[in-house]
Amino acid sequence: MLGASLYIIVCSTRNRIVRRLRRLREPRYLIGAVVGAAYVYFSIFARMRGPGMAGRRGRTTPSLGAALATVQPGASALVGAALLVIAALTWIFPTDSGLIEFSEAETDLLFPAPVTRRQLLIHRLMRSQLPLLFGAVVSSIFVPFNAIAERVRFAGGMFIVLSAIRVYFTGVTLARARLMSESVPARRVAWTPLVAILAAAVTVGAPMWRAVVTESAGNIPAMLTIAGGAVSSGPPAIILWPFIALVRPLFAGSATQFLGRFLAAVVVLAVLVAWVLRSDEAFQEAAVDQAARTARSRAQRQAAPRVRATMWSLALSGRTESVFFWKNGMQTLRAINIRTLVPFIPFVLFSVMAATLRMSASGARGPAAGSCIVALILAAFSTLLGPQTVRSDLRGDLRHLDLLKTWPVKAAAVIRGEMLWPAILLTLCAWFAVVCGTILSTAAFPELTTPWRLSLSAAAMLVAPALIFAQFTVHNAAAVLFPGWVPIGNQRPRGLDMLGQRLILFAGVLLALVVMVGPGAIAGFIVWFVFHRLIDAAALVPAAMVGLAIVCVEVLLATEALGPAYERIDLSDVERGE
Amino acid sequence: MALVVEQFTRTYAGPSGSTFTAVDGLSFQVRSGEIVGLIGPNGAGKTTTLRALAGILRPTSGRVLVDGHDIVADAIAAKRRLAFMPDEPHLFEYLTVGEHLRLVARLYQVEDFEQRAKALIEELELAGKERSLPGELSRGMRQKVVIACGLVRDASTLLFDEPLTGLDPVGIRRMRQTIVARGRSGACVLVSSHLLHLVEEICTRVIIMDHGRKIADGTVAELASRHDLAGAGSNLEQIFMRVTGHGSPVAQE
């Protein structure tokens, strides 16, 4: 199996590289590759060779380990403790490593093959190493080292850490699935590591807590020094050794030091691998392949939408646009669940942080002021970034193009209809946020008078749909004119050429957006300039109305003009996943 | 003439800038009430032809007329008369079976939709699945949904690409009956399939393609009586093997 596994890895990697190189013969990929390479060079390598780095090169840069040790004497113990905390939290908030999720080809070809489950797991383990190695090498580019040898050492250390994390997560996933198993041996194997990690956390956490509470620390660095010192010896140090051993190669100062530390880290990794393989065997006795089946069914559950009663039925007559409005609406209503909202959490956290900063800066510490800022940030996000993020329009439907093209409908109506639902949805979100912001604005912006607040609010509510529809028009125009450059559905095309294509497309979209919004903005400014002396802040409203009207006309004209291009879209131009 | 294909050619761009001709100068006609089988080895250009007839792919040259309407120049009128049932069931993952039928009814302006949908759901054994999403259905059931979407309206031209793929024996039998019934009721039917016994059984005429070209066109009896096919045998499989250069299977045995 080892030979077969290596064969799969080598052939797949070679063929992927050959395929990517071969597609450079097509101009769109070649141009993309050139732009992507230029971007990578100027954003990473040129910066490394730039005057800032040259200046730094003159003086001796201490190794990461030495630097950390200077800042915190108990630094390695602290890093080890942090890893222990992460390891313990993984049991509460499990992260699926994907190691036991086999691809369709692996399931169909390897599962029926005369190989053991252990061999299959080793195969998956081996297959996952190449992306981890790539990730480690990329991470070494960003660390502020001068010598290549230091970067190589860092990449090696990072590779071991990433591998260990992946294997550990797999072990936790396997064990968690068996915590309530009916089989006593399986349950014992599942509970043992959980109990061990909790005991380790208590053994390390208790002296740290005691030290921090009893010894007075004036600031955070002092507190960290005390906490690190408390676990640098005795049982806590023994418990933390494997965690520290994993990260120590990252902080090695010389090749010899690195080699010794690397070997120690490899031993820890080997123990983790042995634990996962043994756990899997124990669980197999309880239920053969249950883990893999659980993983697969979870993946299916995540991918498969559920029927929800929406009380929204499609009328049997009406405009073509409304068909797409309904279709995309059903998609949104049925696709949204708690999991899909997770990616938005960082934005919400960012908004809250921004709101807190704003409150601190202005002295307006009331919750109303903070909520107002959050609402305005959400309105700005819905208006400016929403059309880029919400892709339930023609971009998302390119994968259904072979079905759409059989329908007897006007092409312009298809394009308009496709963007109608996401644009209206985002407009409603923006309006809601603006209304909330306006209501709360007295607290956040006490310097603004009521006429100004109301005028700004009304103008924002008029400008929002203009910007949203203009962006959707540009994005859908890109999908119609350059379908091969637009990722289909949720696919994430990889490669330098695809990075370049995305950059070119982004620049093109930005330029088109400026051109499209420009006339409305100019006209709106003229209206404001003429009327603001007469009606002061209220002049913003007619200015925004004029801008909106002009953009609406442009959207109609643009979608009509895009109709023939839609008819000409060739399915063979649409990029399919690798 | 319900369906006219004139000098249809379709080329694809290759990865190295070269072009590949999938279909080369194909011409044929199908009358109302005719059921024509489109057969050929893998890569012969059958699916490309059907997808072009359905308006999915644009012809590189040549033209396709559906009831006199050009599929490129007068696309909406032509597509309104067409129903295409592809071999791979592509459905919207967020719409239920019932919603798919309703969507099609709206797009094609089907007047007596409710009765038609009910009858079709019974006929294709989709009863009880109206509120199911495609992801909850087997491949065969999804294929039936695609067929139901094609049959829920009165299309004058029906295009079937491997219509029996994924169907159970009962479904296959019903599908055969449905195709024949549509042909008898005056529809122009074009069926692409590798199941030669099916084609021989239900089709009134056969077109054989190979390497993007039409190499034979006629009834099975007409083909069997051709001079160059003398001795090939009288059934479609034997004729097919001979015209595609694979010799007579009987002789090989």
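**Exercises on a predicted model**

B:E162 is buried, its relative accessible area being 14%. The structure is a predicted model.

**Exercise 1.** Determine where B:E162 and B:H211 lie, and whether each is buried or exposed.

*Solution.* Step 1: B:E162 belongs to the loop between β7 (157-161) and α6 (169-184) of chain B. Its phi is near 45°, a positive value in a residue other than glycine. Step 2: buried means under 20% relative accessible area, and B:E162, at 14%, is therefore buried. Step 3: B:H211 is found in the loop between β9 (205-210) and β10 (213-218) of chain B. Although B:H211 is not a glycine, its phi is positive, about 50°. Step 4: the cut-off for exposed is over 50%, so B:H211, with 64% relative accessibility, counts as exposed.

**Exercise 2.** Classify the packing of α10(A) and α12(A) and describe the residues in contact.

*Solution.* Step 1: helix α10 (residues 184-214) of chain A packs against helix α12 (residues 234-247) of chain A at an angle of about 125°, the axes being 9 Å apart. Step 2: angles of 65 to 115 degrees count as roughly perpendicular and those over 145 as roughly antiparallel; α10(A) and α12(A) are therefore oblique to each other. Step 3: the crossing of α10(A) past α12(A) is left-handed. Step 4: α10(A) contributes A:I197, A:A200, A:T203, A:V204 and A:P207 to the contact, while α12(A) contributes A:P235, A:P236, A:I239, A:L240 and A:F243. Step 5: by class, this contact of α10(A) with α12(A) has nine nonpolar residues, one polar and no charged.

Terms used:
Residues numbered from 1 in each chain as written. Chains lettered and ligands numbered in written order. Predicted model: local features only at pLDDT ≥ 70, side-chain atom pairs only at ≥ 80, totals over all residues. Heavy atoms only, no water. Axes fitted to C-alpha atoms, helices over the stretch in contact; angles between N-to-C directions. Helix = DSSP H or I, 4+ residues; strand = E, 2+ residues; numbered from the N terminus. Parallel < 35°, antiparallel > 145°, perpendicular 65-115°, else oblique. Left-handed = near helix turned anticlockwise from the far one by under 90°. Contact = heavy atoms within 4.5 Å. Nonpolar A, V, L, I, M, F, W, Y, C, P; charged D, E, K, R; others polar. Buried < 20%, exposed > 50% of the residue type's maximum accessible area, 1.4 Å probe, protein only.
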